[in-house]
Amino acid sequence: MTGSVALPEVPALPEVSAVVGGGRMGAGIVHALLLAGSSVTVLERDDDAAAGARERVERAVNASVKRGVLDDAARVLASFKHTTEAGDLASASLVVEAVPEDIALKTETLGRVEGVVADDAVIATNTSSISLDVLGAAMRDATRLVGLHFFNPVPASKLIEVVYADATDAALTERAAGWVRALGKTPVVVRNAPGFASSRLGVAVGLEAIRMVEDGVAAAADIDAAMELGYGYPMGPLKLTDVVGVDVRLGVARYLEQELGSRFAPPQLMVDMVERGDLGRKAGRGFYEWDD
């Protein structure tokens, strides 16, 4: 008689969580946590930004109803709050930092969060490239810092990169991977290194695609089609750059150039696009025209 194999228990998400930064990515993280049953508060810098975050989260939840993923938007949104006061995060057991990819801003944010949450609360950063050692150095207790790198768009992406630094508690890394599974996504566990795994590889491909446009090798749509049809990419590297934000990827490229060398130097075309405001989907124009 063959016995059954016990499946590993998936840790439940914290009942109360928070997200700092309610932009497109932050709102997507809030949406994922809400759908998984956590009560979530989003912290923004001012009332206008908080109102914008609320609208993005409400739109995402309502879209889940239209897709048949959810049957009651009001019930889920009842567990959502927005605020401009860091003190309102005090009861959160998990706080995910999702502010722009700027070291000074992130370290200031993590320190502010650490100053208001309980000593046993977990603090996660959504950074796509910045060293957790650098970010953790600004904290009193870096053992509770872990990377949870969500991918855009959060509802459609099945991947979350779990990043651990030397100081990260080993048990926390395992818990974080379990939380990713509780969100219905797949964790990829990566040791702290510049660009981790996904950004380092993804940006390298994206930069080369931009150089090909710059050199007149092919149009953006044709380069993307080559990767989608020839290599099975769900989205071509140039379209993905538009979705992530040309400016965001430029910031990551500059950081990786500093850490890993000239192979990550951004093409001049990329710099020019950011200077003239062609930032991708959020600006309505990048390598493509966007009307959403």
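Hi everyone. Let me start at one particular spot: Pro153 sits in the loop between strand 6 and strand 7 (159-164). Please keep in mind that this is a predicted model. What kind of peptide bond joins Asn152 and Pro153? That bond is cis, with omega at about 0°. For background, most peptide bonds are trans, and most residues other than glycine have a negative phi.

Phe196 is not a glycine, yet its phi is positive, at about 55°. You can find Phe196 in the loop that runs between strand 8 and helix 7.

In what order do the 8 strands lie? The order is 3-2-1-4-5-6-7-8, the sheet is open, and the pairing is mixed. Strand 3 (80-83) and strand 8 (186-191) are the edge strands; each has a single partner strand, so one side of each has no neighbour in the sheet. On average, and ignoring direction, neighbouring strands in this sheet are turned by 25° against each other.

As a reminder, strands of a sheet pair through backbone hydrogen bonds, either parallel or antiparallel. We can follow a few of the pairings here. Strand 4 (residues 94-97) and strand 5 (residues 122-125) run parallel, joined by 4 bridges. Here Leu94 has Val122 in strand 5 as its bridge partner. Moving along, strand 6 and strand 7 are also joined by 4 bridges, but these two run antiparallel. Look for Phe150, whose bridge partner in strand 7 is Ile160. Then strand 7 and strand 8 run parallel, with 6 bridges between them. Glu161 stands opposite Val188 in strand 8.

Which helices lie on this sheet? Helix 1 lies across strand 1 (16-20), strand 2 (39-43), strand 3, strand 4 and strand 6 (145-150), and runs at about 170° to strand 1. Helix 2 (residues 47-66) packs on the sheet too, touching strand 2 and strand 3, and its direction makes about 160° with that of strand 3.

Next, the helices that pack on each other. Two packed helices are described by the angle between their axes and the distance between the axes. I have three pairs for you.

From helix 7, Leu207, Ile210, Val213 and Glu214 meet Gln268, Leu269 and Met270 of helix 11. By class, this contact of helix 7 with helix 11 has 5 nonpolar residues, 1 polar and 1 charged.

The second pair is helix 8 (residues 220-231) with helix 9. These two pack at an angle of about 110°, their axes 7 Å apart. Helix 8 and helix 9 are therefore roughly perpendicular to each other. On the helix 8 side, the contact involves Ala220, Ile223, Asp224, Met227 and Glu228, while helix 9 brings Pro237, Leu238 and Lys239. In the contact of helix 8 with helix 9 there are 5 nonpolar, no polar and 3 charged residues.

The contact of helix 9 with helix 10 divides into 5 nonpolar, 1 polar and 2 charged residues.

One last stop: the rings. How many aromatic pairs does the structure hold? There is 1. Tyr288 and Trp290 form this pair, which is edge-to-face, at 6.5 Å centre to centre with 70° between the planes. And what lies over the face of Tyr288? That is Lys239, at 5.5 Å from the ring centre. We have already met Lys239, in the contact of helix 8 with helix 9.

Key
Residues numbered from 1 in each chain as written. Predicted model: local features only at pLDDT ≥ 70, side-chain atom pairs only at ≥ 80, totals over all residues. Heavy atoms only, no water. Contact = heavy atoms within 4.5 Å. Nonpolar A, V, L, I, M, F, W, Y, C, P; charged D, E, K, R; others polar. Phe/Tyr/Trp six-rings, centres within 6.5 Å; stacked < 30°, edge-to-face > 60°. Lys NZ or Arg CZ within 6 Å of the ring centre and 35° of its normal. Pairing = 2+ DSSP bridges. Axes fitted to C-alpha atoms, helices over the stretch in contact; angles between N-to-C directions. Parallel < 35°, antiparallel > 145°, perpendicular 65-115°, else oblique.
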